[in-house]
Amino acid sequence: MFKSSALVACLFLAVAAASPVLKTQQPDGRIAGGIDAEEGQFPYQVSLRTSSNNAHFCGGSVLNNRWIITAASCAQGKVPAGITVMAGSKSLTRGGSYHQVDRIVVHPNFDEFTLSNDVSVMRVRNPFLLSQTIMAVQMSSEYVSIAYGALVSGWGRRAMDNPTFPDWLQYVPVNIISNTECKVRFEAPYDGRINDNVICSSSPMGRGTCLGDAGGPLLHGGELQGVVSWGIPCGMGFPDVFARVSNHRAWVLVHTMV
């Protein structure tokens with residue numbers, strides 16, 4: 001859901017073939033066990049669509065009237081003309097406004113194999129009309145280590161074995177855990193991916209991000225703390241891993257001024 005198409009296919013097959021109880025199960029990008037969002041919630045949430053057939057493939061967040069933030073893995077191998085952004089609706093099939101992307105900037109240090117620095121920004125040709133239904137999110141400037149009551153939202157699969165996306169935006173409450181705890185809960189080589197540039201969340205078994213949620217927001221304290229990057233789908237009891245927004249904030253601001 002969030003890597004180049006070839007890599008997505010390989011990782012998806014690896015996950016599907018592996019035993020769901022193994023700690024060494026291959027991670028993939030990916031809201032299982034979600035709750036229906038209410039009107040007025042998550043007005044910054046957007047859906048990234050293929051321009052050719054209007055198919056949802058990733059999430060993102062509105063930064064201002066021209067730019068969104070998403071995962072670099074959602075942009076890898078894509079061209080602006082191939083992506084449309086839908087904003088202002090909780091439904092994937094009804095309402096909202098559609099905006100053609102005209103510029104993509106991927107973090108220069110993004111590594112598609114380790115998913116390090118998994119951040120990109122996209123500019124839309126026709127500006128968003130900011131309102132009660134489309135609002136810009138505030139990026140966090142503070143390094144948060146541990147926090148309770150964070151929220152992750154998206155249109156990703158409800159379960160690994162359910163290939164369809166829900167029509168209505170879903171969310172799940174999660175807790176932000178320390179990177180030390182996060183690292184311990186993964187085995188090699190995935191524990192090596194946990195560094196200061198990521199932030200991790202934990203949620204009960206059966207709840208978590210799933211295929212189609214990549215690029216979406218992790219919110220706490222009314223601020224964007226993370227961008228969905230990778231994890232072991234879907235709601236298998238392992239941490240979900242996000243690009244840490246506070247560490248990438250300066251880079252994002254430099255590239256979203258025009």
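**View 1. Strands from several places cover the buried residues of helix H4.** Strands S4 (67-70), S6 (97-106), S7 (120-124), S8 (138-139), S13 (223-231) and S14 (240-244) are among the elements covering those buried residues, where helices (H or I, at least four residues) and strands (E, at least two) are DSSP runs numbered from the N terminus. The residues tucked away in H4 (245-255) are Val 245, Ser 246, His 248, Trp 251 and Val 252; buried means under 20% relative accessible area (1.4 Å probe, protein chains only). This is a predicted model, where local features need pLDDT of at least 70 and side-chain atom pairs count only at pLDDT 80 or more, while totals for chains, interfaces and linings use all residues. Residues are numbered from 1 along each chain as its sequence is written, and side-chain values use heavy atoms, leaving out hydrogens and water.

**View 2. Six strands close up into a barrel.** Follow S2-S3-S4-S7-S6-S5 around this closed barrel of 6 strands, with antiparallel pairing (two strands pair if DSSP finds at least two bridges between them). Between S2 (45-50) and S3 (56-62) there are 5 bridges, and Gln 45 has Ser 61 as its bridge partner in S3.

View 3. Cys 58 sits in S3 and Cys 74 in H2 (72-75), 16 residues apart. Both Cys 58 and Cys 74 are buried.

View 4. Cys 210 and Cys 234 are joined, S to S 1.8 Å. The torsion about their S-S bond is about 65 degrees, so this disulfide is right-handed.

Definitions and conventions:
Buried < 20%, exposed > 50% of the residue type's maximum accessible area, 1.4 Å probe, protein only. Contact = heavy atoms within 4.5 Å. Disulfide = S-S within 2.5 Å.
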